[in-house]
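Hello,

Here is the structure for you to look at. My notes on its salt bridges follow below.

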Amino acid sequence: SGRLTFGTVNVNRETLEFTRGQGRIRSDGNIWTEVGSPQSDGDPLIKEVVRTNPKTGEVKRFAGPDRPMRFYGDEVDSQGNFYGASLQYGVVGVLNGKNGEWAFIPTPTPEGGPRRTAMDKQDRFWYAEYYAGAIGMFDPKEWKIHEWKLHPFALPYGMAVDKNGEA
């Protein structure tokens, strides 16, 4: 069972349906991938973010951020906006899927270490804040990050969404 991938074509083993693009299909129905510098080169850089429609093969390329950046977890909301959590830089990055503009929102605890993300059914972006011992949530409707501190010695590993779409 599962998916077979051949370059940029996927085959669903159960339905034998072919789709174009490589990667998981996100909540907006598209495949999103980051193209960046290798992690080992010491220059964390996202060169571009690529959105592929798996049914038509249509590809849209968005320029990467205008600053060094690497995400340790990313999600896409139902409106086609891309979100990333930067462990290194302590920010949530948001790529507007309509106009390609980037925004960066710092975590309430400076350098909190956001990582390992999830998107709930209300299009809220959740992440563990490893260095801050907290759970964070960016609500795009409020354009605000909410943070919940855990036990003082907690090192939260990641976030997940349950079958009801709740984090």
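Salt bridges in the predicted model

Arg124 counts as buried, because its relative accessibility is 16% and the cut-off for buried is under 20%. Please keep in mind that this is a predicted model.

Arg124 makes a salt bridge with Glu166, and the closest N and O atoms are 4.0 Å apart. Arg124 sits in the loop between strand S11 (114-119) and strand S12 (125-129), while Glu166 belongs to the segment after strand S14 (144-149), so the bridge ties together parts that are 42 residues apart in sequence. Glu166 has a relative accessible area of 28% and is therefore partly exposed. Both residues belong to a network of salt bridges that links Asp120, Lys121, Arg124 and Glu166.

The search of the whole structure finds 7 salt bridges. One of them joins Asp74 and Arg26, with 2.6 Å between the closest N and O atoms. Asp74 is in strand S7 (residues 74-76) and Arg26 is in the loop between strand S3 (18-20) and strand S4 (31-36), so this pair ties together parts 48 residues apart in sequence. Asp74 and Arg26 are both buried.

Another salt bridge is formed by the side chains of Arg61 and Glu48, at 2.8 Å from N to O. Arg61 lies in strand S6 (residues 59-63) and Glu48 in strand S5 (residues 46-52); the two are 13 residues apart, and the pair links distant parts of the chain. Arg61 has a relative accessible area of 53%, so Arg61 is exposed.

Regards

Technical notes:
Residues are numbered from 1 along each chain as its sequence is written. This is a predicted model: local features need pLDDT of at least 70, side-chain atom pairs count only at pLDDT 80 or more; totals for chains, interfaces and linings use all residues. Side-chain values use heavy atoms; hydrogens and water are left out. Helices (H or I, at least four residues) and strands (E, at least two) are DSSP runs, numbered from the N terminus. Buried means under 20% relative accessible area, exposed over 50%, partly exposed in between (1.4 Å probe, protein chains only).
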